[in-house]
Every structure is written in structure tokens, then in C-alpha cells.
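I wanted to look up how its chains meet. My notes follow.

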2 protein chains.
Amino acid sequence: MQNFIFRNPTKIIFGEGQIAALNAEIPPDARVLITSGGGSVKSNGVLAQVQAALGERAWFVFGGIEPNPIYETLMQAVAMAREKNIDFLLAVGGGSVIDGTKFIAAALKFDGEPWDILEKQAEVRDAMPFGSVLTLPATGSEMNSGSVISHRARGDKLPFNSEATYPRFSVLDPTTTYSLPPRQIANGVVDAFVHIVEQYLTYPVGASVQDRFAEGLLITLTEVGPQALDEPHNYEVRANLMWAATMALNGLIGAGVPQDWATHMLGHEITALHGLDHAQTLAIVLPAMLSVRREEKRAKLLQYAERVWNITRGSEEDRITGAITATRVFFERLTVGTRLRDYKIGGASIGTLVAKLEEHGMTALGEHGGVTPEVARQVYQMSV
Amino acid sequence: MQNFIFRNPTKIIFGEGQIAALNAEIPPDARVLITSGGGSVKSNGVLAQVQAALGERAWFVFGGIEPNPIYETLMQAVAMAREKNIDFLLAVGGGSVIDGTKFIAAALKFDGEPWDILEKQAEVRDAMPFGSVLTLPATGSEMNSGSVISHRARGDKLPFNSEATYPRFSVLDPTTTYSLPPRQIANGVVDAFVHIVEQYLTYPVGASVQDRFAEGLLITLTEVGPQALDEPHNYEVRANLMWAATMALNGLIGAGVPQDWATHMLGHEITALHGLDHAQTLAIVLPAMLSVRREEKRAKLLQYAERVWNITRGSEEDRITGAITATRVFFERLTVGTRLRDYKIGGASIGTLVAKLEEHGMTALGEHGGVTPEVARQVYQMSV
């Protein structure tokens, strides 16, 4: 096990009916800016529950935070928060809304040009307090301090994180996910699954607890993912999906182990060039990545085959191939295509994808830095 | 899954050499009271490392916090902290030292008679900030807010907890455990194992993540427990034991599931009457408890048999019996006796043990309140 530091102060309030608990978590005299995305939180009644819970507090709504939240939009929210003398932010939505709200919270307390938080990785020492009401299990943003923000004019997509940008609390009510479109559920399952894989499927460092936890989350997702599509109102299934997706990226399973994240980086370039959903790109890249890098990841691939997919017979090669195939079949069972051609994309753009990776400095990805542009090219080629 | 609230703000600093990191966690101008138990932290060099890390800060040592920490002793530490104008406490030791330090921290900020915190469960709203350097993997106190304190004169042993009594940080350096006596290691493994069982082995509520995490911790302990005795300087083994014991009782696996704790309560009476180690009493009571309550716990016992002990053949009765036997064999492999007679105790005291349980109001224990005095008597009888 590698040395590590782990701390996660976010309070999780989990279960049906818990939105009402907001009232006890926000100062009674707070002036609240509710941040949201599209109109779904209006149509599914979540916003009304939130507003009821806020009671007599002064509250305002800033809607329209996009998937892949945009700096320019968020700065409008910063201006609105200043104008309305807001002192508490409440994100109501999925990972993009929460990511965006982290940036708003940081920008409101930042002394200088907020874009520097992203471009110059300027230190965020303080942020306006904020909470979240999660409506889409996927990114884990509800229980971590990270955020990824895009700049429309510059075409950049940059991350930041800070000890100051953990949500004070996050309300996870599985019933808020009942009305999600199947595509968003499927994407969420794939996103959470690959978050776990990127922290697990590297090389062994004797971290039994982290491995067992990661495997437990992966098994849970293989069980509840298809059920979540088949039975949208099955509370137990949605509850397990929601909690697994949160635990997938709250720092716990990644503490003390090597991490990879090459699949995410190669996927980002596909989204940037072709506009695919983030999770679609992960479903495309991961099976190819595991195939190309089976030697580097051999020991953990065998462990993954046995413990997650119960593949214990056959040669080592057979078991590894079996685990990669099972992963692909799982994504496809979720109706997420696992090859570029499923999205009508051929091999012609691979040169551009690799060039973009290099342009973005992504020339030594993976747990050992072994994913060079040449390896990335192989992965893209295998994903056609 | 049941509704739940989960929050745990303690910062974990894990790994060899991490005691030096104390320096960054304690205010530079703090006046520090180091609290400790017996002399082992002196003889094994941990105290010297702590003192080196504290650098130029003013520090004082309060030693002699007992196993099952005593109110009267702790109040001496409170007086010393006031006299020395202490503003930060640093527990260096195992669960008893950390539990005791939580009480000292609370008492220092309590407006009134500190004993009321325990006897009247008076609310603890504030506590002096404190951290810990853990030297004994067992109780989980390093990452939770709970504490159990005894009053020598009154013969009471009472718990308290508060949002204010989470350690600010805990340093977990597995090498600090190398010099522990085998009996303390064995006791720690049993203690952590039974903590997990009390939050896991009840009845199914469809909590996949919590179940998988609990099973992962149990499997880890079955693997590393015997190794920890056989290879005291195996870093990887000690690291996994330490992290598993912390995760066993930091609130995570118990969130959203029923809990039992009857084994602990029956064990406490054995310690009070006969002076056995806490873990010894758990090793005695648990197999008997599972046997007596096999119907109430049937579904989870079958799951435990399959997933923790890999027992998948035979009738349901055979598998359940096999899992209970495997548990007993595991404790005995750790050299912890699992029957009262192993400690030269016969059945004569059972009446007294049951009467004490009743006197302490423990008349409806377990996940369904079904552990009546009569059931407790059966458990004690089966544990002879």
C-alpha cells in the first residue's frame, strides 16, 4: 500500500424524503442561490421540494448550467450572487451543476481574475459554502472537491480542486432519479464503473481493503446497472446505484493505490472532436485500452476476471480476454456502444485525436506513464 | 437500504514515516498536551518521533491513561491542560488513549460538571481540537467520534459521542505496531472483525455497497490476521490490518443498515465480572450468539458463509454451521479462546451475568430487540 492522505468532510443525507432535511443544514437567515441545469428539476418536482424545504429564506434560482459547464455562464451566476447578496449556494442537479457550483463558490471568494483558478491553477483558499441535491448518479461530484470547467471562447476544458470546495452536504434521494432518461442512467453507470476501474485496474500494491472495496462497487454496478434500466422505479436498485456512484469517486478507493486515468484522457479528445457523451467515449476506449495494455495490467486483469466476473477457468490469456469481453458486453447491455463505428465514426480522425492529445501534453499517461502517443494510437485503432 | 446520514471529517495520514507530518497539522503556536497510556510509546520510539515533529512548540506529556480509561485519571489531565494553558491535544496510543482524549477535549470546553456528559448524556457542543497517532489497530476510535469512559468509584462504564469529538487528524503508521505483543494484535483483529459483524450480520435490506464493503473487510481480516501474528514486521500485512480496523468502525459500513451490538453488550458483562479482555469476550460470545440466533439471521448467515468463507455446498443448515465453525476456528487460530472454559470460567456465573444485563437495562438487544434476558442466558450457556 502506498502512503496516502484521506479526508472527506461532506455530509451525506441519503434516502427518500430527505430533501426536507435541507432546512436543518442551511443557516436560517441564509440568502440562497439555487443553481440548476435544464428544466428537468422543475418538471420532476425536485425544485418545488427544495423550495419548500427552504421555507422563509430568501432564495433565487440560476438555471441553465450546461453539461460540461461553461465559464461564461458561471460568471453570470457569480454576478447574480453578488447582486442578490447571496451567502449560500445550493446545486440541484447532476455532476455538471455541482461542478459549476464549485466554481461559482470559489470565484465568489477569489481575489483576482477567476479564470486564473483554471488556467493558472491559482490556489483556492476559500469558497462560499454550498450544498447539493443530487439528481443524477454518475460523477461523484456530490462528495468530492473536484470540478471541470470549460471556456467556450477559448475552447479549453480545465480542472481545479480545493479543500474549500467540498459540498457542506449532499442530499441523495434515489427517487429523484426515477424520471431520468435511460441514456443518462446508462451513461451514469458507465461513468461510475470506469471511475472505479481507473483507480483499481493498474498493478498490485497489496492494498487489500481498497481492492475489495473497488471490486464490491464494480460487482454492485454490474448487478444494478441493467436493473436500473429495466425497472426505473425500483427504489433499492436506484439507491444502490446512487451510493455506488458516489463511493466510486470520493477519494476512498483511490487512497494508497496507483491510478491510471488514461481512458478518460483519450475519451475527452473524442468528446471534443466528435461531441460524444463522456460515458460513450469511456465505453469505447476502455475495452481497447485494456486489450492494448494487457501485459502492464496482467496481474490486476486476472484479479478483475476472477473477483468481478467470476472467471476462474482457462489459461491466463483466456481469462483476461474473457474479462475484457465481459466488460464490453456489460456496456452494450446498458445500450452504450463500445466501438467508434457504433457512433458512425471511422478511423480517419485517429491522427487528429492523437495530435490533440500531444497538443494537450498528454504524452505519458497511465499508471506508469506508458501510454505514449503511439500507444494511444493503437488504442484508438483498436476502438474503431 | 435504510435512510441514513453519513459524515466523517477526520483526516487520515497513512503510512510509514508519516508521524513527521504532524508538524503541518497542528498550529505552529499551539501548546500541546500529549496523552498516552503505558510506557510502550516511549520504549518503541513513537513518542520521540512525535516530539521531534512538534519542533519548537511547547509540549507536555500526560501518561498513564488506562485500558478502559478512567474518569478520575482523565480529570487529572483536564487539570493539567488548564494549568499549562494547552490548546491542542495529541493522543498517542490505541483506542483507550484516543477515547480518553475525546473526553478530555470535551470536558475542557464543557460548561458544568463533566461527568454529566456521561451520566446524563449532556450535549457536547464544543471540544478542544485534538489529533491522534494510532499505535494499535483495533477500535476505530481514530476515525470516529465515540468514546467509552469508566468511573472507578461508581463502577460505571458509559459512552458518549459528539460531532465535536472527531479527531482533526489521525496518523496511521503501520510500523508503530511492529512491537505490539501478539495478544494485543490478536485482540485487535477480533475486535475489528466483530465490529464489522455487528453491522453486517443482521437481516438483508438490499444494501449492496455496505454488504460488499463489510465482506471485503472481513475477508481482509481473515487473510491478514494470522499473518500479522506470524510475521510481525510484514509492512503490507500490518498496513492492511490497520486500515481495515479503521474502516470497520468509522460509520461507513453501518450507514443505511440495521445493526446488532448484542455480542458487545453480553461481552461487556463478562469483562466487568471476570476481567477478561474485551476481545476475548467477543470471541466467546459471537459464535454462541450466531448459533442461538441462526433463524433470525438466516439469510445473512448464508450470505456470510458464501461470500466470506466460500462455503457454497451442503444444505442451508450445513452452510450456516460451517460459517459459525469457521468463525470460531479463525478466532482460535489467532490464539483467542472462544469458550468460557478456556478462561477457567464455568456456568456458575451465568445467572449473575444475566442479572447484570437486566440491571443495565439490556433486555431487548439485537437488530429486532429479540435478545431478551432468556435469549442472553441461552447464549451464555452455549458459550461455556
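I began with a definition: a salt bridge is a side-chain nitrogen of Lys or Arg within 4 Å of a carboxyl oxygen of Asp or Glu. By this rule I got 46 salt bridges over all chains.

Then I noted the ground rules. This is a predicted model, where local features need pLDDT of at least 70, side-chain atom pairs count only at pLDDT 80 or more, and totals for chains, interfaces and linings use all residues. Residues are numbered from 1 along each chain as its sequence is written, chains are lettered from A and ligands numbered from 1 in the order in which they are written, and side-chain values use heavy atoms, with hydrogens and water left out.

**Entry: annotated spans**

I looked up the UniProt annotations, which may be inferred rather than shown by experiment. The unreviewed entry gives "domain: Alcohol dehydrogenase iron-type/glycerol dehydrogenase GldA" for residues 9-174 of chain A. I found that span to be 30% helix and 27% strand. Helices (H or I, at least four residues) and strands (E, at least two) are DSSP runs, numbered from the N terminus. The end C-alpha atoms of the span are 22 Å apart.

The unreviewed entry also gives "domain: Fe-containing alcohol dehydrogenase-like C-terminal" for residues 186-355 of chain A. Here I read 67% helix and 0% strand, with the end C-alpha atoms 30 Å apart.

**Entry: the interface**

How many residues of chain A are in contact with chain B? I counted 38 residues of chain A in contact with 38 residues of chain B (heavy atoms within 4.5 Å). The area buried between the chains is about 3,300 Å², and carbon and sulfur atoms give 62% of it. Buried area is the accessible area (1.4 Å probe) that two parts lose on being put together, summed over both. In chain A, A:Arg212, A:Phe213 and A:Trp243 lose the most area to chain B, together 18% of what that side buries.

**Entry: salt bridges across**

I found two salt bridges across the interface of chain A and chain B. In one of them, B:Arg212 joins A:Glu223, with the closest N and O atoms 3.1 Å apart. This pair crosses from helix 8 (residues 208-230) of chain B to helix 8 of chain A.

**Entry: strand 1**

Which sense do the two strands 1 pair in, parallel or antiparallel? Strand 1 of chain A and strand 1 (residues 4-14) of chain B pair in the antiparallel sense over seven bridges. Two strands pair if DSSP finds at least two bridges between them. I saw A:Phe6 opposite B:Ile12 in strand 1 of chain B.
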